[in-house]
Structure formats: C-alpha cells, structure tokens
Amino acid sequence: MVGPSRPQFVLFGSSIVQLSFSHGGWGTILSDIYSRKADISLRGYYGWNSRRALQVLDQVFPKDAAAQPSLVIVYFGGNDSMGPHTSGLGPHVPLDEYITNMREILIHIQSLSESTRIIVLSCPPVNEEKVRGNTSDGIHLAAEGSKIVVKEILKVLKEADWEPCLHWKSMATEFAEDSPYDLVAADGKTTLNPSEWTFYREIQWD
C-alpha cells in the first residue's frame, strides 16, 4: 500500500472490464482522467458470468476491509446471454436468474459503505451498423466504443446528486500546491503549476 490515500474506483466485470486497460480502452482513459485524484482498480475476468461473480463476491469486496471503494462500475451479462449448450456447460444463465444474481451483487456492494456508489453498465442493444464501428470483434469495445462509454460514465458522475461528488473536476488533485521547483514562467520570476494540465489529452473531457 502506498500513500497518500486516495478514493478507490473499482471496475468489476467480465472481458468488457478486463480488456478496458488494452488498446485505448475505457479503463485506461478513466485512469488518465483521474490521475492524482483516484486510484482505478481492475477486477475484470474474461468469460465470466454473474454466477461466477457471486462465487467470489466476498473475496473481491470483503465487508471487513480497512477501506471501501468510493465507486464500483459493474458489467456482467454478455456471457450470461449466450445460448445454452446441450451439455449444460458454458456461461449461459437464464434471464430470471441473471436478474437475481445482479441484484445480489449490487446489494452486497451497496452494503460495503454508506458512501460507496455504483454504476451498472448494461449490455448494448443489437445494432449491426454501430457495432461494426465501435467494437473490435463484434463484442468487445474498440477505442471509439470506449470513448462513448467514458463519455456516458462522466455524464452520470457529473449529474448524480452524490456527496461527495465523484466527477473528476470536483475532486481534489494530489499535491497541487504551487512550488518553486515547478517550471519557470516566461517572466523569470514565477513558476507554472502543471498539476491541472490536460492539454496532452486527445479529448478534453467534460
């Protein structure tokens, strides 16, 4: 464990989450946006359904942990919705059971702390034209699809009536005080504090 302590955001789900740190994924983008503001923890498991998530829920989110997450972003459902195999094996989960499983997952996470917030990512509706442009293989998000996800997550965080607010512009930046060791300004007498600079980002996120 390193300090100082920051708010913790946990990404919990199947491959949509595991791959969110690959190829300009939405987890990578959020980690950049929240650098010096929150720590983003990845708990993504390729191929998992809601049944497997329930099996490890107490290990991923122990109720007796010294610190609980400020935000949990949850995604399961893509594998659950696959067609059933005649053998009974495979990731398929009937819809009624999936709803029950997700309810149990969210109730558990909600019970961790009064200040733990949750965002649930749903499976997208089928739209062949949009799928081709926003996914890498028809299922997993490409860079453009990840940008859409980030935009929607930030919109929720900005509009949610949560205290404290978890939108990046409302959160404190770590070690943001002015310093004589910052870059020297053009006047040669003052320094430039770079702690809030975002010019290097491809998108200037709201």
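This is a predicted model: local features need pLDDT of at least 70, side-chain atom pairs count only at pLDDT 80 or more; totals for chains, interfaces and linings use all residues.
Biologist: In what order do the helices and strands of the protein run from the N terminus on?

Modeller: The protein holds six helices and six strands, and its C-alpha trace spans about 75 × 45 × 30 Å along the principal axes. Read from the N terminus on, the order of these elements is β-α-α-β-α-β-α-β-α-α-β-β.

Biologist: What share of the contacts with a separation of 6 or more is made by residues 24 or more positions apart?

Modeller: A contact here means heavy atoms within 4.5 Å, and the protein has 206 residues, of which 37% count as buried. Among the contacts with a separation of 6 or more, the share that falls to residues 24 or more positions apart is 72%.

Biologist: Is strand β1 largely enclosed or open, and which strands does Phe-12 face across?

Modeller: Strand β1 covers residues 8-13, and because five of its six residues are buried, it is largely enclosed by the rest of the structure. It pairs with strand β2 (residues 39-44) in the parallel sense over six bridges, and five bridges join it, again in parallel, to strand β3 (residues 71-75).

Biologist: Which residues of helix α6 are buried?

Modeller: Helix α6 takes in residues 143-159, and its 17 residues reach 25 Å from the first C-alpha to the last, close to the 24 Å expected at 1.5 Å a residue. An α-helix has 3.6 residues a turn, so residues three or four places apart point the same way. The buried residues of α6 are Gly-145, Ser-146, Lys-147, Val-149, Val-150, Ile-153, Leu-154 and Leu-157.

Biologist: Is Glu-174 buried or exposed, and which residues does it touch?

Modeller: Glu-174 lies in the loop between α6 and β5 (183-184), and because its relative accessibility is 16%, under the 20% limit, it counts as buried. Leaving aside residues up to four places away in sequence, the residues that Glu-174 touches are Pro-4, Arg-6 and Arg-36.

Biologist: What is the phi of Arg-36, one of those contacts of Glu-174?

Modeller: Arg-36 is found in the loop between α2 (26-33) and β2, and at 30% relative accessibility it counts as partly exposed. Its phi is a positive value in a residue other than glycine, near 70 degrees.

Biologist: Does Phe-175 count as buried or exposed?

Modeller: Phe-175 has its place in the loop between α6 and β5, and its phi is near 50 degrees, a positive value in a residue other than glycine. With a relative accessibility of 54%, Phe-175 counts as exposed.

Biologist: What separates the C-alpha atoms of Ala-66 and Gly-83?

Modeller: Ala-66 is placed in the loop between α3 (50-60) and β3, and with a relative accessible area of 91% it is exposed. Ala-66 and Gly-83 are 17 residues apart along the chain, and the separation of their C-alpha atoms is 41 Å.

Notes:
Residues are numbered from 1 along each chain as its sequence is written. Side-chain values use heavy atoms; hydrogens and water are left out. Helices (H or I, at least four residues) and strands (E, at least two) are DSSP runs, numbered from the N terminus. Buried means under 20% relative accessible area, exposed over 50%, partly exposed in between (1.4 Å probe, protein chains only). The expected span of a helix is 1.5 Å times one less than its number of residues. Two strands pair if DSSP finds at least two bridges between them.
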